[in-house]
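Take a walk through this structure with the model open beside you. We will stop at a loop, a hairpin and a helix.

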Amino acid sequence: MREIGWIGRRDVMRLLGAGGAALAAGLPERVHAASAKNTLVLGLDISDSITFDPAREAQYTPPMTLTAAYESLITMTPGDYLNVKPALATAWARTPDGKGWRFTLRDGVKFNSGNPVTADDVKWSIDRVINIKDQPSQYVANVDQVVTVDPHTVDILQKDPNQPLLTILCGPNFGILDRKVMEKQGGTAGADAKTEDKATNWLNQNSAGAGPFTLAGWTRNAQILLTRNPHYWRGPAFFEHVVLRHMGDSATQLLAIKRGDIDAAFNLIPEQVATLKGNKDVRVEGLESLDFVYMALTSEVEFNKALAVKEARQAVAYAIDYDGIIDSMLGGQAMRCASFIPIGLYGSTRETTKEIGYRQDLDRAKQLLQKAGFPDGFEFKLSYGDAAVSGLSYAVLAQKLQSDLARVGIKVNLDPMDQVNLRTQYTTAKSTAVLTFWNPSGVETDQWASASVLRVAKRVHWTVPDSLLKLVVSAAGEQDAKKRGALYLEYVKAMLDQANQVILFQPIYQFAVRDIIKKFPLTAAGWEVELGQAST
């Protein structure tokens, strides 16, 4: 066990690295080091972070911060992604008219400002998400209105009451905000919020929530600082401070975890994990995720004449060495879902992937190229970010795909980009082909299925048939679990035929954790770890 001691601001600045001065200013004159059990330091790639506004956030790593800073009405506990659990709400039931859900709020809960959490705050927060009209608003497109019944009771009414809601509200975008604080910072939940809300910049450096921590600062590509919320209703978190330190390189994370400079490393590759075997100070914890990495292929003929042909996209899918990616590049620490629903949810199992999913079949790929009218192959540009998932960099993955596709005459031109620029290009439908990820905003199957035929379809210029749109809606509203699974299986088959999204792997994450950290609850619900429950 390491010696417990105190360190000053100057040492904290050294620990945080570049940009540390700004965040260290938010710390007291003396703080415990990570070894003093007072500050939890995590090493991970946070290069995708562009905002910490819950109504605007749609990236991979920010949900960890959002869930630490904000509390939702209901939540999911690690390992159970079917049953929602109480958080700010202690009870929920169908509204008397059957058109939605009524939530009863917990007594005595306060925001980090000390203000009480009320039904008015709940209504304001959800209305703001809806009216900001950024990506999170699409998750609650079925919400008709939010009505305050009394200060401790709120109704969320739906356009179609058969569609899911509870699992969606567990997502990090639906943390409840302190209306009084937000309005002082230019926040609004009115119908004109899309243009009139001015609170996002403030939320990128502060938070107005009721979670276990408060956001105290963020320096892009450097670090995020969280400080303990003394008003947290479950009781103060164990750690006074949490530092999410940007380490884009997995080798740097490995060195830091071995030296004790960080308490947990998030992006190690299997070879690096193997070097920790026998290390008495570090343990490895695994987590089957609901995330996946995929390649999106356009249907826009002006971007690429070949990819506009379905059979050419299918040829790409059949040329990929999926087993090589998982076994050789990820050390077997991954699964692969057949299409856009991860293994573990309706209509998606390992068996489904084996039976109907893509597999490497070079002869079939060549036949499909012939059918598409490109017997000698074609070329396309593949864009990807300067980041890594499960320790595997997109650059290395892109090189593997380039090699695989060359075997059937398809030339891949590699196009590395900054993560933020990549996302902007992709979400504005200007990409020919992209390597990117998908992670849950809440554990609801419809959030994968609906997204793929709505906003993701637009990004790849795919006009989705009405029959498929209706199928997705029917599956989401089906109350019988067996029938629902069957409907989603039909959806998976349709997506495979269309071949705009090729799933490459679904990670089984391996986290290296210093043994001094005895409790480090991992979760696949979309925010990776429950920071408020971590302790030594």
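Where does Q135 lie? Q135 sits in the loop between α4 (119-132) and β8. Helices (H or I, at least four residues) and strands (E, at least two) are DSSP runs, numbered from the N terminus. This is a predicted model, in which local features need pLDDT of at least 70, side-chain atom pairs count only at pLDDT 80 or more, and totals for chains, interfaces and linings use all residues. Residues are numbered from 1 along each chain as its sequence is written, and side-chain values use heavy atoms, with hydrogens and water left out.

Q135 is buried, at a relative accessible area of 10%. Buried means under 20% relative accessible area, exposed over 50%, partly exposed in between (1.4 Å probe, protein chains only). Beyond its neighbours within four places in sequence, Q135 is in contact (heavy atoms within 4.5 Å) with A58, R423, R455 and R459.

Follow the loop into the hairpin. Strands β8 (residues 143-150) and β9 (residues 153-158) form it, with 2 residues between them. They pair in the antiparallel sense over 6 bridges; pairing takes at least two DSSP bridges between two strands. V147 stands opposite D155 in β9.

Now turn to helix α14 (residues 362-372). Its buried residues are L362, A365, L368, L369 and A372. They line one face of α14, because they fall within an arc of 115 degrees seen down its axis. The arc is taken from the directions from the helix axis to the C-beta atoms. These buried residues pack against α11 (310-319). The face turned away from them carries the exposed residues D363, Q367, Q370 and K371. G373 follows α14, with a positive phi near 95 degrees.
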